[in-house]
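Dear colleague,

Please find below the structure that I am passing on to you. A summary of the findings follows it.

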Amino acid sequence: MTTDLRIGVVGAGLMGADHIARITHRISGAVVSAIVEPDAGRAAAAAEKAPGAATFSRVEDAIEAEALDAVLIATPGQFHAPVLVPALEAGLPILCEKPLTPDSATSREIIELEQKLDRPHIQIGFMRRFDPEYAALRELIESGDAGNLVMVRGVHRNPSVPDSYTQKMLITDSVVHEFDVIPWLAGSAVKSVEIKFPRRNALTPEHLREPILVIMELENGVLVDVEMNVSVQFGYQVATEAVFEKGIARIGQPSGLQQWRDGRFVVNDHMSFTTRFAEAYDRQIQRWVNAVRDGRLVDGPNAWDGYLVALACEAGVSALEGGIVPVEAAERPAFYA
Ligand SMILES: NC(=O)c1ccc[n+]([C@@H]2O[C@H](COP(=O)([O-])OP(=O)(O)OC[C@H]3O[C@@H](n4cnc5c(N)ncnc54)[C@H](O)[C@@H]3O)[C@@H](O)[C@H]2O)c1
């Protein structure tokens, strides 16, 4: 492809607007040619940031008008399938924000539909795989330099959440990222999920019981624990400690400006995923654009990975009620090898 890839961004909320700015200012080889957003005010605001983009309220209309070569889906999860289906039927390459769909049954329907095409067309927006620190940790694990990986400890902390955030979203909106990135790091699928509840943080919204400790066993015997904590008040942290046979590795520690002042040592930390993973989002979109332009279409987590995460999330939601819940996946089809 010699001309710029024309991307239609579907959903111009928080993530869609962020991706529109990214494609317009930082990504090479692509332009935002269409914005699909039913909220007229949001559509107009987004269009101002993407010169030349046409606006539509339905993705079918953008496809019919041949206004795009590829689709970036940034609608809420329950509105992914209604966009994925017409985009797949039109044979378009797709970057779909996580999750693929909110449950494994609908994810399964999407992968059945995708398999009617000649090769995978859907990449899922699990951007942690594009974070340089996660990539370095994976390289270390794969190299075997520190011996076998035996345990992983993760923390996923948000300063606070709105009242609309539900108990289930601890899993489906937050731990969903760990369900993708940890199997990718460790090279092994999630075998079971268990959840423990420590003392409740009284500062969390009344309807939430958190933090939670998520314990995952992987097929290769690696044991993982993740502190999921959405009311830490002080900032946004995603960090991982990997325990090997011959050492320990850590990523995601606070970094940047260090200050010694007024008898204190201070290191800046993030307040939001938008800055913590800014580089990862840029790399994710650039690599997807490159893959679409050179015909590979996907360079990152695919729809099968999205389906596995949907299964793990279902186990996680069930584990909120107690017990060790197994995750049982079918064998990965050759189509997704
Ligand atoms: N990768 C990440 O780190 C990350 C972070 C936040 C959100 N997300 C994901 O991004 C997606 C969007 O989240 P958000 O926080 O931007 O949501 P949001 O609510 O801010 O924005 C969603 C937008 O989609 C629009 N919309 C709804 N149905 C639509 C349809 N059928 N066609 C077109 N537009 C439609 C809404 O009007 C809204 O403007 C979700 O899937 C979410 O899980 C990913």
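Which residues in α5 meet which residues in α10? The model is a predicted one, and in it S104, S107, R108, I110, I111 and E114 of α5 meet A303, W304, G306, Y307, A310, L311 and E314 of α10. Sorted by class, this contact has 7 nonpolar, 3 polar and 3 charged residues. Helix α5 covers residues 104-114, and its axis comes within 9 Å of that of α10, with a crossing at roughly 170 degrees. The two helices, α5 and α10, are therefore roughly antiparallel to each other. Their crossing is left-handed.

Domains

The protein chain is divided into domain 1, made of 5-128 and 279-302, and domain 2, made of 131-271 and 311-336. Taken over C-alpha atoms, the centres of domain 1 and domain 2 are separated by 26 Å. In the contact between them, 13 residues of domain 1 face 13 residues of domain 2. On the domain 1 side, the residues that touch domain 2 comprise 6 nonpolar, 3 polar and 4 charged.

The sheet and its helices

An open sheet is formed by 7 strands, in the order β12-β11-β7-β10-β9-β8-β15, with mixed pairing. β12 (247-251) and β15 (325-326) stand at the edges with a single partner strand each, so one side of each has no neighbour in the sheet. The pairing of β12 with β11 (residues 237-244) is antiparallel and runs over 5 bridges. Within β12, A249 is the bridge partner of A242.

How do α1 and α9 cross, and at what angle? Helix α1 (residues 14-25) and helix α9 (residues 278-293) have axes that come within 11 Å and cross at roughly 65 degrees. That angle makes α1 roughly perpendicular to α9. The crossing of α1 past α9 is right-handed. H19, R22 and I23 of α1 meet Y281, D282 and I285 of α9. By class, the residues of this contact are 3 nonpolar, 1 polar and 2 charged.

With kind regards

Terms used. Residues are numbered from 1 along each chain as its sequence is written. This is a predicted model: local features need pLDDT of at least 70, side-chain atom pairs count only at pLDDT 80 or more; totals for chains, interfaces and linings use all residues. Domain bounds come from an automatic or database domain assignment. Two residues are in contact if their C-beta atoms, placed from the backbone, lie within 7 Å. Ala, Val, Leu, Ile, Met, Phe, Trp, Tyr, Cys and Pro count as nonpolar, Asp, Glu, Lys and Arg as charged, and the others, Gly among them, as polar. Two strands pair if DSSP finds at least two bridges between them. Helices (H or I, at least four residues) and strands (E, at least two) are DSSP runs, numbered from the N terminus. Axes are lines fitted to C-alpha atoms, for helices over the stretch in contact, and angles run from 0 to 180 degrees between N-to-C directions. Angles under 35 degrees count as roughly parallel, over 145 as roughly antiparallel, 65 to 115 as roughly perpendicular and the rest as oblique. A crossing is left-handed if the near helix is turned anticlockwise from the far one by less than a right angle, and right-handed if clockwise.
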